[in-house]
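Please look through the sequence and the model shown here, and keep both at hand while reading.

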Amino acid sequence: MPFTTLSQPLPATVVHILVACGICESKGEAKRAIKQGGVSVNDLRVEDENGVVDTGMFLCGRYVFVRWGGKSFHLVHFFGSDPLFFLWDFIFLATVFVLTR
């Protein structure tokens with residue numbers, strides 16, 4: 001599964017995250033994917049192209065799980081979030097690995 005580490009101020013727009021991770025090549029492409037209903041963050045469909053991701057959406061304190069299209073996944077790690085989640089990191093990554101196989 002593709003994995004990206006980002007160090008950026010939050011909240012950040014979903015469009016910006018899609019481009020920063022390389023999921024989409026441009027902001028226009030990211031906006032089209034959102035308008036067509038093909039993008040979800042943590043299994044919640046993104047319906048607004050101005051939607052934001054903030055720390056309240058993190059999984060295990062620092063991750064966001066992005067899905068676009070039918071079977072494409074991307075795990076985004078936000079560097080600089082709470083550093084005390086090493087055990088949760090392992091459990092989360094193992095769960096994601098098992099679920100996406």
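A residue is called buried when its relative accessible area is under 20%, exposed when that area is over 50%, and partly exposed in between, as found with a 1.4 Å probe and with protein chains only. The model is a predicted one, in which local features need pLDDT of at least 70 and side-chain atom pairs count only at pLDDT 80 or more, while totals for chains, interfaces and linings use all residues. Residues are numbered from 1 along each chain as its sequence is written, and side-chain values use heavy atoms, with hydrogens and water left out.

**The chain as a whole**

Helices (H or I, at least four residues) and strands (E, at least two) are taken as DSSP runs and numbered from the N terminus. On that basis the chain has three helices and seven strands, and read from the N terminus on, its elements follow the order β-β-α-α-β-β-β-β-β-α. The chain holds 101 residues, of which 36% count as buried. A contact means heavy atoms within 4.5 Å, and among contacts with a separation of 6 or more, 51% come from residues 24 or more positions apart.

**Aromatic pairs**

A pair of aromatic rings is described by the distance of the centres and the angle of the planes. Rings of Phe, Tyr and Trp (for Trp, its six-membered ring) pair if their centres lie within 6.5 Å, and planes under 30 degrees apart count as stacked, those over 60 as edge-to-face and the rest as tilted. A search of the whole structure gives three aromatic pairs. One of them joins Phe58 and Phe78, which count as stacked because their ring centres are 5.1 Å apart and their planes stand at 20°. This pair links distant parts of the chain, 20 residues apart, with Phe58 in the loop between strand 5 (52–53) and strand 6 (63–68) and Phe78 in strand 7 (residues 72–78). Both Phe58 and Phe78 are buried. Phe65 and Phe73 also form a stacked pair, at 5.4 Å centre to centre and with 25° between the planes, and Phe65 and Phe73 are both buried.

Strand 7 also holds His77, which is buried because its relative accessible area is 10%. Leaving aside neighbours within four places in sequence, His77 is in contact with Phe3, Thr4, Thr5, Leu6, Arg62 and Tyr63.

**The largest pocket**

Rolling a probe the size of a water molecule over the atoms shows where empty space is left. On a 1 Å grid over the protein atoms alone, a pocket is an open set of points where a 1.4 Å probe fits, with protein on both sides within 12 Å along at least five of seven lines, and its lining residues have an atom within 4 Å of a point. The largest pocket holds about 180 Å³ of space. Its lining includes Asn42, Asp43, Phe65, Arg67 and Phe73, and helix 3 (86–99) gives the most to that lining, with four residues. By class, the lining has six nonpolar, three polar and two charged residues.

**Salt bridges**

A salt bridge is a side-chain nitrogen of Lys or Arg within 4 Å of a carboxyl oxygen of Asp or Glu, and by this rule the count comes to two.

| Salt bridge | Closest N and O atoms |
|---|---|
| Glu49 and Lys35 | 3.7 Å |
| Arg67 and Asp43 | 3.9 Å |

Arg67 in strand 6 and Asp43 in the loop between strand 3 (39–41) and strand 4 are 24 residues apart, and their pair links distant parts of the chain. Arg67 is partly exposed, with a relative accessible area of 28%, whereas Asp43 is exposed, with 53%.

**Backbone angles**

Most residues other than glycine have a negative phi, and most peptide bonds are trans. Asn42 has a positive phi of about 55° although it is not a glycine, and phi of Asp43 is also positive, near 65°. Asn42 lies in the loop between strand 3 and strand 4 and is buried, because its relative accessible area is 17%.

Key: Grid points are joined across faces, edges and corners, and a volume is the space filled by probe spheres set on the points. Ala, Val, Leu, Ile, Met, Phe, Trp, Tyr, Cys and Pro count as nonpolar, Asp, Glu, Lys and Arg as charged, and the others, Gly among them, as polar.
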